[in-house]
Each structure stands twice: as C-alpha cells, then as structure tokens.
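This briefing covers the pockets, the sheets and the model confidence of the structure shown below. Each topic has its own group of points.

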Amino acid sequence: NAGVTQTPKFRVLKTGQSMTLLCAQDMNHEYMYWYRQDPGMGLRLIHYSVGEGTTAKGEVPDGYNVSRLKKQNFLLGLESAAPSQTSVYFCASSYPEDREYNEQFFGPGTRLTVL
Amino acid sequence: GNSVTQMEGPVTLSEEAFLTINCTYTATGYPSLFWYVQYPGEGLQLLLKATKADDKGSNKGFEATYRKETTSFHLEKGSVQVSDSAVYFCALLGGYNKLIFGAGTRLAVHP
C-alpha cells in the first residue's frame with residue numbers, strides 16, 4: 001500500500017495564479033483532511049471531508065476550495081494565490097471515530113511558495 | 001474552545017540524556033490525546049496515543065501518561081538517540097477525528 005500520497009511535492013506560484021493539490025489514499029478511509037503547517041504554529045485544519053461528495057470548513061478555510069468526487073481523492077484548490085498562502089500543505093486520512101484504529105495517516109507534504 | 005500548549009523548542013540534548021517535552025491541553029470532556037513525530041522532510045507519523053484518563057501510551061521507548069488532574073500529556077524518553085532528532089507534536093482529538101495540534105517542539109540530539 002502506498003498510504004497517503006500528495007502531488008506535487010514542490011510548487012512555486014506567482015500572486016494571482018491558481019493551482020490544485022491532489023491527495024490520494026489507498027486505505028479505504030472515509031475521512032480526509034487538509035492542513036497547512038507554518039513555523040511556530042503547528043498544523044491548522046483548512047478543510048475536511050467525512051465521505052465522498054462531502055466537504056466542511058476547518059479552522060483556516062479562506063482562500064481555499066476543496067472537492068471529494070471520489071472516496072480515495074481529496075483536492076485542494078487555490079483560485080488566486082497570495083503570499084500568505086506560502087506554507088507546507090499536508091493531507092491526511094482516517095477511519096471514522098467509532099472505529100478502534102482511528103488515527104490519522106499523513107502524506108509527505110507539498111511545499112508551496114507564492115511570490 | 002479546545003487547545004493544546006507545548007513547551008517551546010528547540011530542545012538540545014546529548015545522546016543518552018533524559019527527555020521530557022511538556023504538553024497541556026484545554027478541552028471539554030476527556031478527548032483522546034496523541035503525540036506525532038515529524039522527521040526532516042517527511043510527513044507526520046503517529047508516535048503514541050492515550051484514549052482515556054490514566055492511560056499510558058508507549059512506543060519506541062517513548063511514553064506519555066494522560067493526566068486529567070493536571071490536563072497534561074508529557075512526552076518522556078529515558079535515553080535519547082541521534083535518530084530521535086525531529087519535531088514532536090502533541091494533539092487532541094475533536095469531532096470527526098479532527099486533530100488540534102500544539103505548535104510543535106524541535107528536538108536536536110547530538111552525539
């Protein structure tokens with residue numbers, strides 16, 4: 001099993017450009033999450049999904065959109081990138097909370113720089 | 001609201017030294033608590049967890065005890081190795097398995 005994979009690994013954008021980050025998991029997890037990691041702030045939740053076709057806002061959703069058209073994929077979009085979105089983005093997935101093993105599994109991250 | 005506070009780093013130790021990284025939380029009820037580790041250039045990996053008060057989580061020589069009296073979940077290891085150098089995150093579990101993370105503590109272990 002590949003676990004949780006993310007593409008791309010690195011990206012540099014200019015202000016105002018758009019892009020989509022792809023997250024894929026092969027563990028048949030119902031729940032998926034997008035976080036951003038900034039120095040001194042830990043990880044903060046952007047959006048999450050509790051199943052195919054569903055999405056919900058996390059702590060810092062502004063400037064991002066997401067879609068979960070297939071259970072195994074969770075896409076994070078930036079419509080008009082801003083320098084404040086320079087960060088490392090992590091995707092994660094898990095089983096629902098009523099399962100015994102419900103911890104989150106993380107992807108390797110995408111380092112995004114917006115100039 | 002729920003929150004997690006960790007001691008600030010970096011923590012710099014010599015090999016075989018004793019490690020403690022403090023973590024305290026604020027939460028409604030008694031959520032599950034976790035320690036995740038992030039090695040350089042990688043994503044986060046679950047290190048250990050505890051699901052109820054007085055539980056002790058342990059893995060790879062690391063331990064943490066869920067203390068509801070002090071709302072703490074401190075990470076300890078008796079003898080650190082250079083390979084333990086990483087960033088450690090304390091987290092608590094919210095609804096829909098959402099994790100609330102502390103800011104992270106960087107550990108550097110020197111030979």
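A pocket, as the word is used here, is an open set of grid points where a 1.4 Å probe fits, with protein on both sides within 12 Å along at least five of seven lines. A volume is the space filled by probe spheres set on such points. The model is predicted. Its largest pocket holds about 810 Å³ of space, and 36 residues line this pocket.

**Largest pocket**

- The lining residues closest to the centre of the largest pocket are A:Q37, A:R111, B:Q38, B:V87 and B:R106.
- Two strands of chain A, β9 (87-94) and β11 (110-114), each supply at least two residues of the lining, as do β10 (86-93) and β12 (105-110) of chain B.
- The element that gives the most to this lining is β11(A), with four residues.
- By class, the lining of the largest pocket has 15 nonpolar, 15 polar and six charged residues.

**Second largest pocket**

- The volume of the second largest pocket is about 190 Å³.
- From chain A, its lining takes A:E103, A:Q104, A:F105, A:F106, A:G107 and A:P108.
- From chain B, the lining of the second largest pocket takes B:E42, B:G43, B:L44, B:Q45 and B:L46.
- Two or more residues of this lining come from β10 (105-106) of chain A, and likewise from β6 (44-50) of chain B.
- With three residues, β6(B) has the largest share of the lining of the second largest pocket.
- Five nonpolar, four polar and two charged residues make up this lining.

**Four-stranded sheet in chain B**

- In chain B, four strands form an open, antiparallel sheet in the order β3-β9-β8-β7.
- At the edges of this sheet are β3 (19-21) and β7 (56-59) of chain B, each of which pairs on one side only.
- Neighbouring strands here are turned against each other by 15 degrees on average, direction ignored.
- Four bridges join β7(B) to β8 (residues 62-65) of chain B in the antiparallel sense.
- Across this pairing, B:N59 stands opposite B:F62, and B:K56 stands opposite B:T65.
- The hairpin of β7(B) and β8(B) has two residues between its strands, and B:K60 takes a positive phi near 55 degrees there.
- β8(B) also pairs with β9 (residues 75-77) of chain B, antiparallel and over three bridges.
- In that pairing, B:E63 is opposite B:E76 of β9(B).

**Four-stranded sheet in chain A**

- In chain A, four strands in the order β1-β3-β8-β7 form an open sheet with antiparallel pairing.
- Its edge strands are β1 (4-7) and β7 (65-67) of chain A, and each pairs on one side only.
- β7(A) and β8(A) run antiparallel and are joined by three bridges.
- A:V66 has A:L76 in β8(A) as its bridge partner.

**Confidence in chain A**

- The average pLDDT of chain A is 93, and 97% of the residues score at least 70.
- In chain A, confidence is highest in strand β8 (residues 73-78), at a mean of 98, and lowest in β10(A), at 93.
- β10(A) is also among the elements that give two or more residues to the lining of the second largest pocket.

Key: Residues are numbered from 1 along each chain as its sequence is written. Chains are lettered from A and ligands numbered from 1 in the order in which they are written. This is a predicted model: local features need pLDDT of at least 70, side-chain atom pairs count only at pLDDT 80 or more; totals for chains, interfaces and linings use all residues. Side-chain values use heavy atoms; hydrogens and water are left out. On a 1 Å grid over the protein atoms alone, a cavity is a set of points where a 1.4 Å probe fits but cannot get out, and a pocket is an open set with protein on both sides within 12 Å along at least five of seven lines; lining residues have an atom within 4 Å of a point. Ala, Val, Leu, Ile, Met, Phe, Trp, Tyr, Cys and Pro count as nonpolar, Asp, Glu, Lys and Arg as charged, and the others, Gly among them, as polar. Two strands pair if DSSP finds at least two bridges between them. Axes are lines fitted to C-alpha atoms, for helices over the stretch in contact, and angles run from 0 to 180 degrees between N-to-C directions. pLDDT is the predictor's confidence in each residue, from 0 to 100.
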